[in-house]
Amino acid sequence: MTWAPCETVARVAPHVPGELVSPGALERILSLSQRLPHGWGSYYIECRLDPGEQQVDFLAGVGGEGREELHRSLALLLREGELDAPSSWQRFAELCAAWREPGSELHAQVPALWLELDGAGHPAPASPSPSFCVCVAQEYRSPRTLAADPERAWSALVRSLRCLLPGVESATLRRLERTVAALPPGGQLIHLSVMLGRSPAAAKLYVAVPRRELSAYLHEIGYPGALEDVAALTREPFPEVEPLYLDLTISDAVSSRIGIAFSQLHLRGPGQATRDWGGLLDLCVERGACCPEKRAALGAWTGSERVCFDGERWPVRLHRYLDVKLVVAEGKPLLAKAYLGFQPRAAFL
């Protein structure tokens, strides 16, 4: 069961810290959510933690339970000309049509799709151009070992990439394939992001790599940055975090810009019931990547409460969770991002 994006954003809005998202940016996200197709079930508001960074992005995810509603709603909005950047949305609609078809490769291999709107909180006459993410990790929401057929998963991603970015360079495809093929035992391809909202459009791979294999893997794929700098960030403050989630930007070569994600899934593993990301955020403050005011505001974000949606007989539990990403790029200071996650779920308690 899913609820309208604008209703979900409106109910989480009182909890969004003003130190992270200004009232004006939050109002623009709420307005933007009113114009989105329905079917989404999970959301993030992405914030930069540096004191000088004000950009706010918006993400929405849909699983199998929402694919029919998304398909219908998206088709209606396209027919009525209600979406900015219609060519990007049209390509996404074609992907969704294949995804909803029982027996298709995408139906079998893709458990979720994500939308990302960069700069969603920034004043602009039109909505930001959409980017899209195709997930192939069947057990991504579970702390268990991720499981997927690598060859079929890769085939599904290639089809998705060609659909969303028909002019993708062959050199980019080859580099993506080599990066996936180099994953070590225990590594996992999670998703591919096709960043149509950026100029030029970019492809990003999100992978899980066993900690002990990190340096060897980055060397194997031709990562041009300082391997020790990346490895050092993964050792503090939780040297036992496993696996490591890496966000890799790919063209005809691997970019030195790499994201290291600390996910809610790390907090749900065995023996991790009392862990949070406080120590990680303190490290970001120490290194100048997060200001103390934003660090303090994040402490109040996580939690859940029962909320009522219009027309629903029973309350819904709205969960709030936090992911953190550290971004390293050669010649640039450390960048820290907070992902304010929220998801409504049917519940009687």
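Across the whole structure, 13 salt bridges are found, each a side-chain nitrogen of Lys or Arg within 4 Å of a carboxyl oxygen of Asp or Glu. The model is predicted, with local features needing pLDDT of at least 70 and side-chain atom pairs counted only at pLDDT 80 or more, while totals for chains, interfaces and linings use all residues. Residues are numbered from 1 along each chain as its sequence is written, and side-chain values use heavy atoms, without hydrogens and water.

Lys325 is bridged to Asp247, with the closest N and O atoms 2.9 Å apart. Lys325 belongs to strand E10 (residues 316–328) and Asp247 to strand E7 (residues 244–250), so the pair ties together parts 78 residues apart in sequence; strands (E, at least two residues) and helices (H or I, at least four) are DSSP runs, numbered from the N terminus. Lys325 is buried at 10% relative accessibility, as is Asp247 at 8%. Buried means under 20% relative accessible area, exposed over 50% and partly exposed in between (1.4 Å probe, protein chains only). Glu228 and Arg235 also form a salt bridge, at 2.5 Å from N to O; Glu228 is partly exposed at 48% and Arg235 at 41%.

Beyond four places in sequence, the contacts of Leu246 (heavy atoms within 4.5 Å) include Leu205, Tyr217 and Ile260.
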